Structures are given as structure tokens and as C-alpha cells.
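Please consider the sequence and the three-dimensional structure shown here. The account that follows is meant to be read beside them.

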Amino acid sequence: TGPEQQHMQTVRYQVSTVLALAGILLSLLLTANLAWSLRRERERREKLGDELRRSEHLASLGRLLAGVAHEVRNPLAGIRSTVQLWQRLPDQAQTPAALDAVLQAVDRLNALVGRLLYFARTGWEEPRPVDLNAVVRETVDLVRAQADVQGVHLETDLAPSLPPLAGSSQALQQVVLNLTTNALQAMPIGGRLSLQTRALASPRRAELRVADS
């Protein structure tokens, strides 16, 4: 163990230490790059998920608009025929009953457009009390025209004492609408579609059942 051998041993130790530190630094760099790649991949997947949900929402809205076209035509036809009758017989036809019929038809159209606009909105909502029965009734009203065209009988059995649920009525209506439209697509030549709600034993919890024939 002379001075030269000790010097060579020290040099080897120094080289080994430098290589070990370089390896640790490289590992840290690779780990950081992997974490960055995973974060980018997670952000990309979240973005794709948002785009997929938006596409599903627009597709449901398109099917909904196609289904309610018939429902829109009915009050419009009533308004048109009433106005044409007023043009031919202005004195005899302009009765309070005729005016009330036109106003009711306009209110029906306004309510339908309001429901469509509410459904078309996107975005996150603060959780708030939601009436599940009301959501089911509104959804049934929206798909009733399409069901009538296909000869599908709609049945509802809604529990009267249902507790309010904390959530988003818009998101919940999206779920109910998806279930009902899928059921209608499965029954193109008629059938029966039933929606049932009931309260569960746990507080502020409820169950919705959607079944088709």
C-alpha cells in the first residue's frame, strides 16, 4: 500500500462517486420527465373525457330536438288556424275563448323552449336540493312526442314523499334522458317504458328505475 496505490484507489473512489452522483442525477431527471409525461397524459385524458361528455350531451340534445319537433308543430298549427280564422271572420272569431287558446299554445311553446335551453346549458353546478320526481316529469314531457310517434306507452310511478337530493338537476336530467332515449331506440315499433322512483332507508337517498319492454 504505497502512495501510488493509495492515489489510484482514491481516484477510483472519486470516479465511482462521480458516476454514482451522475446516475442519481439522471434518475432524478428521468423521474421528473416521467412525472411530467404522466401529468400531461392525465390532462389529455381529462380533456378527451370532457369532449366526449360534451359530444354525448350534444347528441342527446339532437335526438331530443328531433323528438319534440312534432310537439312544437301542434301548438303552432293551432295558432295558425286560429289567426287564419280571425282573418276571415274578425268579428265572430275573436272571442275570449279563442284568445285564451292562443295564449295557452304560446305558453306551451315557451315552456318547451325553456326546458330545451336549460338542458342545452353546460358547465358545473353547485350541489343544491333536487326534486327527482320533477326531473323525471320534465324528461318524460320532453320525450313524450317521440314516444307517441313510435307507439311507446309511457308509465310513471313516482313516490309522493321523496326526499330532496343534493346534486345537479341538469346532470341528473342528462342521465334520465340518456336512459329514456336508449329505451326508445330499443323499441322502434312500440312497447312500454316505465319510470319509477322510491325513497331508500338511508336519509336523503332515492332510487330511480327505468325499464322498457
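The paragraphs below treat the strands, the helices, the nonpolar cores and the salt bridges.

The model is a predicted one, in which local features need pLDDT of at least 70 and side-chain atom pairs count only at pLDDT 80 or more, while totals for chains, interfaces and linings use all residues. Residues are numbered from 1 along each chain as its sequence is written, and side-chain values use heavy atoms, with hydrogens and water left out.

Helices (H or I, at least four residues) and strands (E, at least two) are DSSP runs, numbered from the N terminus, and two strands are said to pair if DSSP finds at least two bridges between them. Strand E4 (residues 191-199) pairs with strand E2 (residues 152-157) in the parallel sense, over six bridges. Within this pairing, Thr156 has Leu195 of E4 as its bridge partner. E4 also pairs with strand E5 (residues 206-212), here in the antiparallel sense and over seven bridges; Gln196 stands opposite Arg209 in E5. A hairpin is formed by E4 and E5, with six residues between them, and Arg204 in its turn has a positive phi of about 55°. In a regular strand, side chains alternate between the two faces of the sheet.

Helix H5 (residues 169-185) has 17 residues and reaches 24 Å from its first C-alpha to its last. This span is close to the 24 Å expected at 1.5 Å a residue, where the expected value is 1.5 Å times one less than the number of residues. Several residues of H5 are buried, including Gln173, Val176, Leu177 and Thr180; the term buried means under 20% relative accessible area, exposed means over 50%, and partly exposed lies in between (1.4 Å probe, protein chains only). Thr139 belongs to helix H4 (residues 132-150). With contact taken as heavy atoms within 4.5 Å, Thr139 touches Gln173, Val176, Leu177 and Thr180, not counting residues up to four places away in sequence. Thr139 counts as buried because its relative accessible area is 1%.

What joins the residues of a nonpolar core? Such a core is a set of buried Ala, Val, Leu, Ile, Met, Phe, Trp, Tyr and Cys residues joined through side-chain atoms within 4.5 Å. The largest one has 20 residues, of which Val136, Val152, Leu154, Leu184, Leu193 and Leu195 touch the most other members. H4, E2, H5 and E4 each supply at least two residues of this core, and H4 gives the most, with six. Leu154 touches Val140, Val143, Arg144, Ala147 and Leu193, again leaving out residues up to four places away in sequence. A second, separate core of seven residues includes Ile79, Trp86, Ala93 and Ala98.

Charged side chains complete the account. The structure holds four salt bridges, each defined as a side-chain nitrogen of Lys or Arg within 4 Å of a carboxyl oxygen of Asp or Glu. One of them links Arg44 with Glu41, the closest N and O atoms being 2.7 Å apart. Both residues lie in helix H1 (residues 3-88), three residues apart, about one turn of the helix. Arg44 is partly exposed because its relative accessibility is 44%, and Glu41 is partly exposed, at 34%. Glu207 forms a salt bridge with Arg198 (2.7 Å, N to O) and another with Arg209 (3.0 Å, N to O).
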